[in-house]
Amino acid sequence: DINFNVNNPALMTATNQDYCGFLSTDYGKTWTYTPAWREAGWGGYAYGCYPVTEKILVAFKGSGKNALYYSTDGGKTGINTDLTTSYTGYQCITGVKGDNNIVFANEFRSTNKGSSFTKISSVAFNGMDVISTQPDNIYLSSNSGIYISTDSGATVTQVAAGGLPKYPTRIEVSPVNPNYMVVDNEMLAN
């Protein structure tokens with residue numbers, strides 16, 4: 001999983017199983033290992049890590065609990081927020097264009113760069129997109145439909161239900177016409 005900071009694309013993370021993740025601050029030219037999500041012993045992984053700043057990272061840590069973690073030292077160590085998501089697959093985390101304080105992590109929202117989160121929905125989202133032409137809007141997919149937030153994630157409203165592939169993990173919205181979007185899944189299940 002590769003994720004970019006929506007306000008500073010030079011900041012990017014790459015996460016995977018066993019090796020946990022990497023952080024780049026120079027558009028991917030060089031990478032730093034981020035062991036914060038590693039488990040003692042075998043493996044450990046993070047999905048959906050988001051680089052808020054060079055030092056602040058937010059990620060869902062796997063191993064069956066899908067716990068939301070926060071790092072203030074560039075991913076060297078992680079702090080468990082004690083928040084978990086009910087969704088057990090791909091985790092999605094993003095920022096909001098124009099406001100680096102807001103971080104949206106599945107059904108949770110932070111207004112202080114990830115140091116605390118509030119649950120904003122009972123729906124566990126598994127796909128998320130933010131577009132530059134409507135920076136206050138966050139487009140979300142879940143097993144129950146398409147949702148949109150028009151207030152930087154403070155509230156979400158369902159706009160379409162059904163007709164989606166099972167277990168959608170990605171949503172991409174056209175910045176030219178947000179009524180056009182692509183929703184897919186990684187498992188290719190119908």
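This is a predicted model: local features need pLDDT of at least 70, side-chain atom pairs count only at pLDDT 80 or more; totals for chains, interfaces and linings use all residues.
**The chain overall**
- The chain runs to 190 residues, and 47% of them count as buried.
- Take the contacts between residues at least 6 apart in sequence: 40% of these join residues at least 24 apart.

**A four-stranded sheet**
- Four strands make an open sheet in the order β9-β10-β11-β12, and their pairing is antiparallel.
- At the edges sit β9 (93–96) and β12 (118–119), each of which pairs on one side only.
- Further in, β10 (residues 99–105) and β11 (residues 108–110) run antiparallel and are joined by three bridges.
- If you want a specific pair to look at, F104 has R109 in β11 as its bridge partner.

**The second largest pocket**
- This pocket has a volume of about 180 Å³.
- Its lining includes L23, S24 and T25, along with T30, W31, T32 and Y33.
- E54, K55, D73, G74 and K76 also line the pocket.
- Two strands, β3 (20–24) and β4 (32–33), each supply at least two of the lining residues.
- Sorted by class, the lining has three nonpolar, five polar and four charged residues.

Methods:
Residues are numbered from 1 along each chain as its sequence is written. Side-chain values use heavy atoms; hydrogens and water are left out. Buried means under 20% relative accessible area, exposed over 50%, partly exposed in between (1.4 Å probe, protein chains only). Contact means heavy atoms within 4.5 Å. On a 1 Å grid over the protein atoms alone, a cavity is a set of points where a 1.4 Å probe fits but cannot get out, and a pocket is an open set with protein on both sides within 12 Å along at least five of seven lines; lining residues have an atom within 4 Å of a point. Grid points are joined across faces, edges and corners, and a volume is the space filled by probe spheres set on the points. Ala, Val, Leu, Ile, Met, Phe, Trp, Tyr, Cys and Pro count as nonpolar, Asp, Glu, Lys and Arg as charged, and the others, Gly among them, as polar. Two strands pair if DSSP finds at least two bridges between them.
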